[in-house]
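Colleague: I would like to learn how to read salt bridges and pockets from a set of coordinates. Could we go through them together, one feature at a time?

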Amino acid sequence: MTPVSRSWSTLALRGAALLAATISLQSAALAQTMLQMPTGGITGSYYMTGAPVAKYINEHSKLIRVTPNTSGGSVENLRRVDSGTAQLGMTSQELMYAAWHSEKPFGTQMRNWRVIGIVTPVLANHVVVLSSTKVKTLTDLKGKVFAIGAPGSMAATQMDTFLDFTGMKKAINARMLPHQDYPTMLLDGKVEAINRAGSVPAAVVEELAVQKPVNLVDFGPELEKSGFLAKHKYFQKVVVKAGTYKGIDHDVTLFGAAGYLIAHKDVPEAVVYEFTRLAYSDACIKLVDLAFKGANLDPKNPLDGNIAPVHPGAVKYWKEKGVPMPEPQYK
């Protein structure tokens with residue numbers, strides 16, 4: 001073989017090797033595990049947390065890529081994860097209980113999901129009214145048009161449960177409507193009260209209070225009298241201190257439940273491990289906090305109040321971090 005032939009031969013081999021390496025890298029990129037993660041409305045706590053989490057993971061993982069989707073909220077998310085149409089999702093504690101035991105709003109038993117960890121602190125149901133209505137407590141809502149939450153949302157489900165338990169459901173004109181329209185509907189008088197579940201302080205209340213004097217409905221008396229919290233142990237009382245919101249100079253008692261990240265049980269252990277490792281990292285939590293101050297991806301106590309089995313991928317990560325693994329109440 002002549003020197004020129006050898007030279008071309010060497011170049012061809014190098015070119016083939018480079019092409020093979022390029023194809024290999026492209027294949028690796030295409031082999032990333034794609035994960036759908038339904039959250040909630042674009043102004044809600046779940047989406048405001050899920051979007052920066054997905055951004056951080058997508059920038060720091062070669063194994064997974066997360067797409068945060070808007071959705072109707074906790075009920076829809078749990079259904080989608082259980083059915084396998086989504087691999088990850090955000091839902092609330094009392095709905096996990098209901099799904100496991102085939103209680104309302106789920107018509108069938110749903111156990112194809114596993115827990116990753118807490119994604120938000122207790123999200124309190126903020127029932128907002130214009131101060132001009134003189135509504136202060138639950139009984140004052142009798143006969144009022146009350147937008148309790150979007151269909152399939154945590155807010156709507158929780159409020160419906162509360163109204164039913166206290167016997168107020170028939171006395172109030174409760175409606176499930178798209179919650180992105182709530183502020184305008186309240187200000188325009190199309191509804192007389194709105195409910196948004198969120199951490200304290202809730203942005204929607206702050207924004208409304210700037211435009212018109214508002215008040216929060218105090219659930220303290222009914223929570224105490226009805227025994228709601230004793231019966232529904234996954235709800236917690238939340239006291240909003242005077243001065244938290246403009247024009248509200250007195251303490252107000254609300255109720256709500258914590259939000260959890262869940263995964264379908266068949267998502268590979270390595271995938272959930274990678275997601276958990278990155279989502280609960282200090283850097284990711286810092287990014288989420290910049291976008292949404294109410295977030296609480298708690299890496300120190302991520303399974304507080306958990307009732308269901310934890311995904312093996314999350315178990316592996318939490319054990320590495322020395323997090324106690326409580327025995328699930330339901331297996």
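Colleague: How many salt bridges does the structure hold?

Modeller: A salt bridge is counted where a side-chain nitrogen of Lys or Arg lies within 4 Å of a carboxyl oxygen of Asp or Glu, and the structure holds seven of them. This is a predicted model, in which local features need pLDDT of at least 70 and side-chain atom pairs count only at pLDDT 80 or more, whereas totals for chains, interfaces and linings use all residues. Residues are numbered from 1 along each chain as its sequence is written, and side-chain values use heavy atoms, with hydrogens and water left out.

Colleague: Which residue forms a salt bridge with Lys-55, and how far apart are the closest N and O atoms?

Modeller: The partner is Glu-59, with the closest N and O atoms 2.8 Å apart. Both residues belong to helix H2 (residues 45-60), where a spacing of four residues separates them by about one helical turn; helices (H or I, at least four residues) and strands (E, at least two) are DSSP runs, numbered from the N terminus.

Colleague: Is Glu-274, which forms a salt bridge with Arg-277, buried or exposed?

Modeller: Relative accessible area, taken with a 1.4 Å probe on protein chains only, is called buried under 20%, exposed over 50% and partly exposed in between. Glu-274 is buried at 11%, whereas Arg-277 is partly exposed at 32%. Their closest N and O atoms are 3.0 Å apart, and the two residues lie three residues apart in helix H10 (residues 269-279), about one turn of the helix.

Colleague: What volume does the largest pocket have?

Modeller: Rolling a probe the size of a water molecule over the atoms shows where empty space is left. On a 1 Å grid over the protein atoms alone, a pocket is an open set of points where a 1.4 Å probe fits, with protein on both sides within 12 Å along at least five of seven lines, and lining residues have an atom within 4 Å of a point. Grid points are joined across faces, edges and corners, and a volume is the space filled by probe spheres set on the points. The largest pocket has a volume of about 580 Å³. Of its 24 lining residues, those closest to its centre are Ala-98, Glu-103, Lys-104, Thr-161 and His-232.

Colleague: Which helix gives the most to the lining of the largest pocket?

Modeller: H5 (154-166) gives the most, with six residues, and helix H4 (93-100) also supplies at least two.
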